[in-house]
Amino acid sequence: MSAERSPTLHRPGLDSLRTVSIIATGSYVPDRVLTNTELEKFVDTTDEWIYTRTGIRQRHIAEDHQATSDLAIAAARKAMENGNIRPEEIDYLIVATCTPDMHFPSTACMVQKELGATNAACVDLSAACSGFVYAIDMARQYIQSGTMNTALVIGAEKMSCLLDWEDRATCVLFGDGAGAAILQARGDQYGILTSVLGGDGKLGDLLNVPGGGSRLPITPEVLADKQHVLKMAGREVFKHAVTGMAGAAQETLRRCGATIDDVACIIPHQANARIIQAISQRIDAPMEKFYVNLDRFGNTSAASVIMAIDEAARKGRIQRGDLVLLVVFGAGFTWAASLLEW
Ligand code: ACO
């Protein structure tokens with residue numbers, strides 16, 4: 001892709017509004033690496049099974065003393081440093097997470113306190129693995145309308161604390177980490193062209209954490225029954241993830257009058273390499289177009305796509321002017337796609 005903007009691309013609803021861009025990113029993973037080979041020592045699994053079924057080789061796991069906000073703060077500091085943004089400039093702080101530090105206050109408020117982002121409105125967003133793309137679109141609306149100027153949008157998760165480490169079908173899939181993005185309208189036309197967001201609550205039971213909320217508060221029975229940890233119908237989730245992400249990607253391109261050939265890089269939710277391969281076939285996009293780093297991080301839920309964006313940008317895999325397609329899927333179910341002119 002050249003840095004010249006295509007005159008044929010549509011920017012639905014944007015003609016008279018400011019275009020909002022990701023102007024800087026950062027990410028953080030805890031030091032501790034848990035390889036598939038180490039998992040073999042305490043779960044009935046093998047490196048070969050995990051790698052061939054998922055593409056995952058290792059994941060990072062937070063220390064006991066680290067909460068989701070600690071990961072989020074580390075990622076945010078890097079994004080702010082990269083964007084040369086002072087804490088007081090941030091007027092909107094969103095943390096997408098399904099592993100908040102506490103029920104309340106929000107993880108966003110905890111991040112705000114440590115960063116000294118005293119002018120920021122703070123909110124957590126719960127859309128599981130789709131959370132980051134939902135969150136940048138929320139920030140985009142506020143900035144476009146002129147209500148806010150600078151948003152700090154973070155995807156952060158400590159998935160390790162939601163896992164049943166005796167359930168080999170789920171515990172091998174996830175990891176901990178955080179990514180952060182600064183969004184502003186800089187006066188040029190590069191930025192988010194459009195987003196497609198969707199959900200289907202009827203399928204919520206296929207991937208959830210039943211206990212620990214108001215429906216099933218923690219009791220000795222809930223703990224004994226392991227209702228406080230992640231439950232997943234893997235095969236069903238797999239099928240819906242493929243159709244949900246492929247559909248959202250195609251609808252996003254259609255709305256912008258773009259084709260897959262115009263896209264320089266697709267950054268999908270990093271859940272499973274086989275899901276990404278199936279999407280590649282459905283939308284007729286070669287695998288080389290997809291940025292994949294799940295082999296090193298596993299599925300970090302709301303953090304996955306922004307961690308991948310940050311790494312792709314640092315490695316020069318995405319360049320100024322490139323069309324970048326983000327596409328995600330998560331519990332709920334929720335899904336989202338976003339087309340960006342980088
Ligand atoms: N090691 C060894 N064997 C295993 C393991 C493991 N870690 N996990 C499951 N198995 C076994 C099962 O017990 C089963 O054995 P059986 O045939 O004797 O009963 C066999 O492997 C096949 O199990 P399936 O669940 O049918 O395996 P499948 O090929 O579907 O792969 C997987 C399972 C990897 C979980 C797959 O279904 C998947 O990736 N689903 C999507 C999951 C996902 O990405 N979720 C998150 C997306 S949304 C979000 O991020 C919130």
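## Helix H4 and its surroundings

In helix H4, which spans residues 107–115, the buried residues are Thr107, Ala108, Met110, Val111, Gln112 and Leu115. These positions belong to a predicted model, and the description that follows should be read with that in mind. After H4 comes Gly116, which has a positive phi near 75°.

## The loop between S4 and H4

Thr99 is placed in the loop between S4 and H4. Its relative accessible area is 5%, and because buried means under 20%, Thr99 counts as buried. The side chain of Thr99 makes a polar contact of 2.7 Å with the side chain of Glu157. Leaving aside residues up to four places away in sequence, Thr99 touches Thr68, Ala156, Glu157, Lys158, Met159 and Leu162.

Pro105 also lies in the loop between S4 and H4, and the peptide bond that joins Phe104 and Pro105 is cis, with an omega of about 0°.

## The ligand and its shell

The ligand is surrounded by 23 residues, and the closest of them are Thr45, Arg53, Cys129, Asn272 and Asn299. The space that the ligand takes is the second largest pocket. Helices H2 (47–54), H6 (168–171), H8 (234–256) and H9 (273–282) each supply at least two residues of the shell around the ligand, and H8 provides the largest share, with four residues.

A polar atom in the side chain of Thr45 is 2.7 Å from a nitrogen atom of the ligand, while a polar backbone atom of Gly234 is 2.9 Å from a nitrogen atom of the ligand. For Asn299, an N or O atom in the side chain lies 2.7 Å from an oxygen atom of the ligand. On its own the ligand has 1,000 Å² of accessible area, and the protein covers 75% of that area.

## Tyr291, between H9 and H10

Tyr291 is found in the loop that runs between H9 and helix H10 (294–297). With a relative accessibility of 10%, Tyr291 counts as buried. The side chains of Tyr291 and Glu311 are joined by a polar contact of 2.6 Å.

When residues up to four places away in sequence are not counted, the residues that Tyr291 touches are Cys265, Ile266, Ile267, Pro268, Gln270, Ala308, Glu311, Ala312, Lys315 and Arg317. His269 is 22 residues from Tyr291 in sequence, and the C-alpha atoms of Tyr291 and His269 are 9.8 Å apart in space.

Asp200 lies in the loop between strand S8 (191–199) and strand S9 (207–208). The side chain of Asp200 reaches the backbone nitrogen of Lys202 at a distance of 3.1 Å. Beyond residues up to four places away in sequence, Asp200 touches Gly332, Phe333 and Trp335.

Two of these contact partners of Asp200, Gly332 and Phe333, are themselves joined by a cis peptide bond, for which omega is about -10°. Phe333 sits in the loop between strand S12 (323–330) and strand S13 (334–341).

Most residues other than glycine have a negative phi, and most peptide bonds are trans. Asn84, although not a glycine, has a positive phi of about 55°. Asn84 has its place in the loop between H3 and S4, and because exposed means over 50% relative accessible area, Asn84 counts as exposed at 69%.

Lys226 is not a glycine either, and its phi is likewise positive, at about 55°. Lys226 lies in the loop between helix H7 (220–224) and strand S10 (231–232). Its relative accessible area of 27% makes Lys226 partly exposed.

## Ala74 in helix H3

Ala74 lies in helix H3, and a relative accessibility of 22% places Ala74 among residues that count as partly exposed. Along the chain, Ala74 and Leu325 are 251 residues apart, and their C-alpha atoms are separated by 26 Å.

Note on methods:
Residues numbered from 1 in each chain as written. Predicted model: local features only at pLDDT ≥ 70, side-chain atom pairs only at ≥ 80, totals over all residues. Heavy atoms only, no water. Buried < 20%, exposed > 50% of the residue type's maximum accessible area, 1.4 Å probe, protein only. Near = heavy atom within 4 Å. Polar contact = N/O pair within 3.5 Å; in protein donor to acceptor, adjacent residues only side chain to side chain. Areas by Shrake-Rupley, 256 points an atom, 1.4 Å probe, with all protein chains shown as cover. 1 Å grid on protein atoms, 1.4 Å probe; cavity = no way out; pocket = protein on both sides within 12 Å on 5 of 7 lines; lining within 4 Å. Sits in = over half its atoms within 2 Å of the grid points. Contact = heavy atoms within 4.5 Å.
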